[in-house]
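Have the 3D view open as you read.

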Amino acid sequence: MNARKVLMDMVYQPDCFTLRQDELVPLQLEAARELVAERREQLPILDRRAREAGVDRIETLDDLIPLLFSHTSFKSYPNSFVRNGQWDRMTQWLGTLTTRPMDGVDLSGIDDIDDWVSRLWAAGHLVNTTSGTSGKVSFLNRTRADDEVLRRNSELNLCWPERIKPERKHHFFFLGPRSGPYLLLIAANHVERMFARPDSIHYLSDAPLRLTEITRMAEMRLKMAEGTATPSEIAASEQAGREQSANMANRFAEMVRLIIELRHEPMIITGGWLQMWQIMEAAREQGVPNGQFHPETIIQSGGGLKGANLPADYREQVFEFFGDVRTQQGYGMSEMSTGFPKDLDGFYHQVPWIVPFVLDREGVKPAGPREGVVEGRFAYLDLSNEARWNGLITGDRVTIDFRESRPEARLPGLVVHPNISRYANIGEDDKIGCAGTIDAYISGEIGA
Amino acid sequence: MNQSTKVASAAVAVPHFVKGELLVGGGGKGAHYGKFCTPTLDIDGLVWQRTEPGPAFSIPIDEVMDVLVATGERMTADPSGLLAEAFEAMAQVGDLDRGVLQRAYEHLPKLFSKDWLKFLVQGEVGGADILDGWRTVTDPSGRTAQYRAFPPRLVHVLAGNAPGVAAISIIRGALTKGVNLLKLPSNDLFTATAILRTMAEVAPGHPMTKSFSAVYWKGGDEAVEKYLLRPIFFDKLVAWGGEGSLRSAKKYIGPGFELVAFDPKTSISMIGREAFASSERLAEVAEAAATDICLYDQSACTSSRFQFIEATMEEAEAFCALLQVEMGKERLTASGCGMQAPSALREEIEALRALEPYYKVFGESDGRGVVILSEDPVDFHPEAKTVNVVIVRTLEDAVRFVTVATQTVGVFPAERKVGLREKLAAAGAQRVVTLGSALGGGVGIPHDGFFPLHRLVRWVTDEC
């Protein structure tokens, strides 16, 4: 049996998120060696990187660092391919990052980027995308087996360390669209099919999430850069965003009403922090006291506040309102197959098939030896992915605790501390140069 | 030795220059910024209160020029080794190649020559008389008025990608006779201070040296900027590029406190089909193009990043191959092998390399130059000696890629400039040069769309 499979099958072990490093590391090393050899054959981009970096042998986990990509890799396609509807070229680009042949994708009569993504899914390339705040979305290919890793982990480990069994007894509320290629949404769909009461499934909108919206904004940005946008086009672009939120507001109010009505029964509510806050405010207006929700209710939240002005202790207030309920929180990103789940003391635990690294600020070298408590830039190699090479250097500043246990926490194992922040973007390090791009003149000027 | 003192001694000590005095920090005291440390900032000491005129307000311009010329001469001889010391510190912590930095440092004193100072004053404010006194005009109704370029109170947010920025800022600041607070960038913590120390040596205690301070604080630091960047202390904020610094400065701009921005810019080249007249001609064009691309190893606003070329695919490929070789040669303002491109850019390049035939990549991301040939401009900002050659039908077609962020457009052959320059200006470009001549300029003629000295001074009138 190969080491990768051993690591991935650990998902069936009750203690899979608290295993010792001396048990995991030898397996991870062996699995990484297998994977690197296989992926170098499949992906010329990785092979080239390995040759350039002179990575011949993998003796330690740190030897893998030169093979980790930046997040740019998965959005390195030229925007003109999308703009000009050159879906054959987009497919070819995705192929350079994919281990599987792309020839099964039906490229005839594609209208837009959402269409292209559906064709990829139809051909077994279950890509997920990022939200594209930079105007460009990443395309992260997944096979059915990769999707199964995601599903299986939800099935076995929802609400770890106090797991909940999939008995289809929860009301299901998802404060977002019913379908779309976001990992959060794909994961929610899995949870729905395994945990939700078939008679009580509620999404904020039945229309699928559309990437066309994002490309429309990217196009607007381009028009502004080229100087062909008119003032009213810019205004209309902002207006479109606002109208969409207004439509959503009615449907949201409806869902909140239902959530409050069903609060004494187990339910799963997934949404952003701001939405959780709004549920709380609506309930308080109706005189609903704190702590009335069913103890098996699951609150899944995350994400930023999108500029909303909430008090600093908004999370505490939200949980005080819901009361003694379950939560499912983790540290991860759209690129990772599985988030590091949060324990009851606030630490995020390593997933056996994902090797974490702490790099220096520049993301080049290890920030220190893999022992004790090390602070630096988070990077990882996800050994599970079949569709692509999933080694990535992130922009997150984290503290990783390599110790087997720590006095202030109940559960052992490698963890990421709760104090996660972002490294400054280029330009924020006070290195000032006179060169710059048109983006500086337009960014932030169209409502996102 | 405990951990904190170890860190402190490893950090480079950055001196401050405040109103003619040198302040040295370090030794565990002062402010620490990771790789370097500075003396503790005394923000009261950084303002010249309006209750009295600035120290140099009434110094004759001839005397100002004499001090500048003497400063330049001493910078060349450098008997105290001040410039040499700054150069060494920069070479160790800065981003520029040692050879490029050395040649840039050798060039610094040239701007302090009498000829250049006179040319600057004549070109940018129309004569030295107006810096010393009043110029009289009579309007059509017969009413007379006098006006002069009055010394301003300036905060300069310096850029650090080329040491010339510090030199020209000190020259212009001195010529205004106003007071000048220079905010140092983390990528050039030494040049401005070395020049000011040299000035203090040639003219100890002179009002001009008392009119300058050069200090570091972290751009955006509210504890400093919120209190210093106010109209009660300063008239104008002079900002060189740096999107981040402009965004932070924007908060403080308002009535009485004006922004003079050398905006962040991109430069491009336009190459006509005339380049392919002969193989010798093409080689010359490739060399000229490489010169403009590799300015300060492509860190400057003047450095070209896109080459729009009238060519067939085969012609363009021949040009790209020559260009890539030329980009690997050491020049006055370019190293043969510069810094390796950042990893995100390398990955963008590798992705395009895999997309042949739509993109063709020449060279490796090893610091010697990468040329990307395509039919549409790439989405990213080419830097670290990376250039995008884009095939166009005619150079006029390429004008649509020119924006308000376009600074210099290098054109080959020179005769094509006349036909293009109005169109380029209409689209937003500010400077048209013959290909290969992007370096220099901006002194005594408009820079970034204005006459800098003219913008720095305060124009006051006396009317009857």
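In this predicted model, strand S6 (residues 135-138) of chain B pairs with S7(B) in the antiparallel sense, over 4 bridges. Val137(B) has Ala145(B) in S7(B) as its bridge partner. S6(B) and S7(B) make up a hairpin, with 5 residues between them. In the turn you'll find Gly142(B), which has a positive phi of about 95°.

S7(B) also pairs with strand S20 (residues 458-463) of chain B: 6 bridges join them, and they run antiparallel. Here Arg148(B) stands opposite Val460(B) in S20(B).

Now for another sheet in chain B. This one is open, has 3 strands in the order S1-S5-S4, and its pairing is mixed. Strand S1 (12-13) and strand S4 (31-33) of chain B sit at the edges, each with a single partner strand, so one side of each has no neighbour in the sheet. S1(B) and strand S5 (residues 36-38) of chain B run parallel and are joined by 2 bridges. Across from Ala13(B) you'll see Cys37(B) in S5(B).

Here are the strand pairs with their bridge counts:

| Strand pair | Direction | Bridges |
|---|---|---|
| S6(B) and S7(B) | antiparallel | 4 bridges |
| S7(B) and S20(B) | antiparallel | 6 bridges |
| S1(B) and S5(B) | parallel | 2 bridges |

On to the rings. Over all chains, the structure holds 30 aromatic pairs. Take Phe57(B) and Phe150(B): their ring centres are 5.5 Å apart and their planes are at 80°, so this pair is edge-to-face. The pair links distant parts of the chain, 93 residues apart. Phe57(B) is in the loop between S5 and helix H2 (61-77) of chain B, while Phe150(B) belongs to strand S7 (residues 144-150) of chain B.

Finally, the place where the chains meet. How many residues of each chain are in contact with the other? Chain A has 40 in contact with 51 residues of chain B. Between them the two chains bury about 3,500 Å², with 49% of it on carbon and sulfur atoms. There are 4 salt bridges between chain A and chain B, and one joins the side chains of Glu347(B) and Arg49(A) at 2.7 Å, N to O. The side of chain A that touches chain B draws at least two residues from each of several elements, including helix H3 (44-53) and helix H9 (212-226) of chain A. H5(A) gives the most to that side, with 5 residues. By type, the residues of that side divide into 14 nonpolar, 14 polar and 12 charged.

Notes. Residues numbered from 1 in each chain as written. Chains lettered and ligands numbered in written order. Predicted model: local features only at pLDDT ≥ 70, side-chain atom pairs only at ≥ 80, totals over all residues. Heavy atoms only, no water. Contact = heavy atoms within 4.5 Å. Buried area = accessible area lost by both parts, 1.4 Å probe. Nonpolar A, V, L, I, M, F, W, Y, C, P; charged D, E, K, R; others polar. Pairing = 2+ DSSP bridges. Phe/Tyr/Trp six-rings, centres within 6.5 Å; stacked < 30°, edge-to-face > 60°.
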